[in-house]
Amino acid sequence: MFDWSQEIVLGASILSWFIIGAGLAQTAVYLLQLIIAAYALSKRPPVARSALLWHRYGDVAPPIALLVPAYNEEVNVVESVHSMLALEYPNFEVIVINDGSKDQTLQRLIEGFKLVKFHRPYEEALTHKPIRGLYSSRMTERLFVVDKENGGKADAQNAGVNVCRAPLFCVIDGDSILEPDALMRAAQPFIDDPERTIAVGGTIRIANGSRIEGGRVREIRLPSRLLALFQVVEYLRAFLMARLAWSRINTLMLVSGAFGVFRRAEVVAVGGFTKGSMGEDMDLVIKLHRHMMDTKRKYRIQFIPEPVCWTEAPESLRVLARQRTRWQRGALECFFRYRSMLFNPRYGRVGFLGFGHILIVDVLGPISEVLGYVLIPAFWLLGILSTEYLLAFTSLVFTYGVCVSVCSLVLEEAELQRFPRARDLAVLTAVAVIENFGYRQLNNLWRVKGWWQYLRADQSWGEMTRTGLTGPKK
Amino acid sequence: MLYIWHLSILLSALSLAIMLLLIVRRVLQERRGTAGADQRRLLLTALIAFTENRDREALKTALLAVPARVAIDAGFEFISLLRGEEHDELLSAFNECGLPTLVGTQLEKGNGAERIHAAEMLAALRSENAVANLLSALDRDRSREVRIAVAIALCDIGALPPLVVTLRKIGVAGQRSRRLIELFRRFPPKRFDELRDYAGRQDAVPFIRAAAIDALARAGGFQFGEFFARAAGDPSSEVAAAALRALGLTGHANAPAILIKAMENGGWDVRADAADAAGRLGLSELAAPLAQLMDDEAWTVRYAAANALRSFGQKGEQVLREIAASDVSRRQRTASLILAEGPAA
């Protein structure tokens, strides 16, 4: 009679090794990121004050167009645009793209800024849904509004790229808040190295809990809700560790769609944002890498921590789950769309490290981790794994997670010190520990759900319910 | 097995110890920060009082009563707001308190951002040793951003070494920074010949040559018309485009012929700048080649050509209207768009 127990043990061993292997690979990636990010910070001088930046770069700062796609943003759009128009930058225009909103977004803009229909010739370099009208403001020369048929965020951004005339453009979400000097700081690499710099990303921070008035973050505070606090630590890890590290070795694979500055000519050359993409920001950056390497041109895609963009984090599990599954689908979509770049020597570090990172962290990461949650206890119950090993490995996984989070807090403290009080630091330390017990597992479950939706070719975005950042709020 | 446990304990202990240290450090910083803000406020009050009563001794007492770093920092921003006699007297007070010495040390030993700031402050304070300190930094500083800032500071105090030497010291990698445009714009008119000579060097970085031409043109360098005319035929499209922009500002007797030739250049930026220059100079006799250019494959060129035609007034608009009324083509569409530009009827 066939002995199944041997086969089960063999299968369990293979699975265990897969989980351990993927875990070790992730560990190695995080360790590498930490070392490179720490090195990058040690080489990076502390930043100059805003007043000095203006004095120093004001005369040579290149023109920038701020592209703001807006879909059903009637609640905040006028105040958001006011805050964008008040940015401290010598030469910029704001182009709001009303992406076929079903609410009163356009009407609010027309009333708020005394808009009139305007003809502005533009290059039809990228395709997008038809534009119904262009509007200029009687109140300011800096503002243009593009009213177009609904086509999604990427489609709206492409329309904005067509209409803008500046050599650089900055994409920003309609409900985000830029620090007044964010553009000036983001433009710095384009001033210092204008020939090679093609894209620059800044830090996205969570504004929940902060005091916001007149479209400005007046007082930085930590969110009061635990779910938002978890995301604060998560964002610090993502931006101050991962992006800083990959930027240092020119392998940055993502410039956030919530705030990124791009050179228009290169974006047009790669066909703009990919329509219908779940991760149109990552998609664009990968296309830029590929284009520059294919054409054998020297280039830099940089992340600089100082320009800060504030955004609202979801405060309900339902909305957060939707956001995370969408991000996961976006990462998978990009990975499989450009899979030929993976480990392809032609694409050097981007192919090996950049794509290797996506493979390990985004493609295999959630599956192996969720398998670990299910199978490791099961193996222990079946007697395949000893209690000692179970406890030891579990403790190592958690303490390592805590250590990585704490290291990102160290980087934040060394570089930005955005949280004003020592108490905030203590709270974040506690959160960095707690997030490993529950939140991290939940996140991985959402990411596996994202995998499932990707396999089922589910293209829905889901609704991002926001309570709104602008206006007095605590 | 024991190793795994030890590693776990070590990681958690390390994490918590680091965070504890950071929290303690932050508490201390908070206290220091409050004291620093108070000192800054006191000094600013004294500076404002000085502008009213001109009591230099009282100001010097206030300057010496706060840490030198606070005095320099607050003082630099304040100095930049003043002009004339007040400005000079304030500088004297700063120099008599020996503050520039500290700035010199900062230029030598600070981090990158501090060294750049120190160079700017030395230029503002104009102390005795400023030139020596800055020249030494231009020679020795390891950061090209700092070297560029030092060169700008030296230019401001009229002590910039010859341009060739300065650029060599800045290094090739630094010769692509837009900050150099700033340096060239601050160039003293009596040294414009240096800029022209450098812009004419075929072995120099095209970006630098173009920036030098732009600076010369912006400073009203009509005497360099011949040079711009020659540079318009430069093999580097970046240099040629800059020369055409310059010609558009200064004009030249032979401009029409130069621009017609440039409109056939292989570089789209050269063609666009040629069209733009024709518009700026109001060379309505170039209407025909500009109309041809409206068929160009590059939108920027088409737009520049149509804009140039429009800037000619009635004659140009007539040409545009005729093109707009012709059969559908690239130029017809461009003409229609440019004629419609502006508030909708």
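**Close-up views of the predicted model**

**View 1. Contact of chain A with chain B.** The contact draws 37 residues from chain A and 39 residues from chain B. On the side of chain A that touches chain B, two or more residues come from each of α2 (50-57), β3 (115-119), α6 (182-192), α12 and α13 of chain A. α12(A) gives the most to this side, with 13 residues. Sorted by class, the side of chain A that touches chain B holds 24 nonpolar, 4 polar and 9 charged residues. The model shown here and in the other views is predicted.

**View 2. Strand pairing across the two chains.** β3(A) pairs with strand β1 (residues 342-343) of chain B. The pairing is antiparallel and runs over 2 bridges. H119(A) has G342(B), in β1(B), as its bridge partner. β3(A) is also among the elements that give two or more residues to the side of chain A that touches chain B.

**View 3. The two domains of chain A.** Domain 1 covers 19-42 + 354-455, and domain 2 covers 48-341. Taken over C-alpha atoms, the centres of domain 1 and domain 2 of chain A are separated by 28 Å.

**View 4. Contact of domain 1 with domain 2 in chain A.** Here 40 residues of domain 1 of chain A are in contact with 30 residues of domain 2 of chain A. The side of domain 1 that touches domain 2 takes two or more residues from each of α1 (4-43), α11 (348-382), α12 (387-415), α13 (422-434) and α14 (439-455) of chain A. α14(A) gives the most to that side, with 9 residues. By class, the side of domain 1 of chain A that touches domain 2 has 25 nonpolar, 7 polar and 8 charged residues.

Technical notes: Residues numbered from 1 in each chain as written. Chains lettered and ligands numbered in written order. Predicted model: local features only at pLDDT ≥ 70, side-chain atom pairs only at ≥ 80, totals over all residues. Domains from an automatic or database assignment. Contact = placed C-beta atoms within 7 Å. Helix = DSSP H or I, 4+ residues; strand = E, 2+ residues; numbered from the N terminus. Nonpolar A, V, L, I, M, F, W, Y, C, P; charged D, E, K, R; others polar. Pairing = 2+ DSSP bridges.
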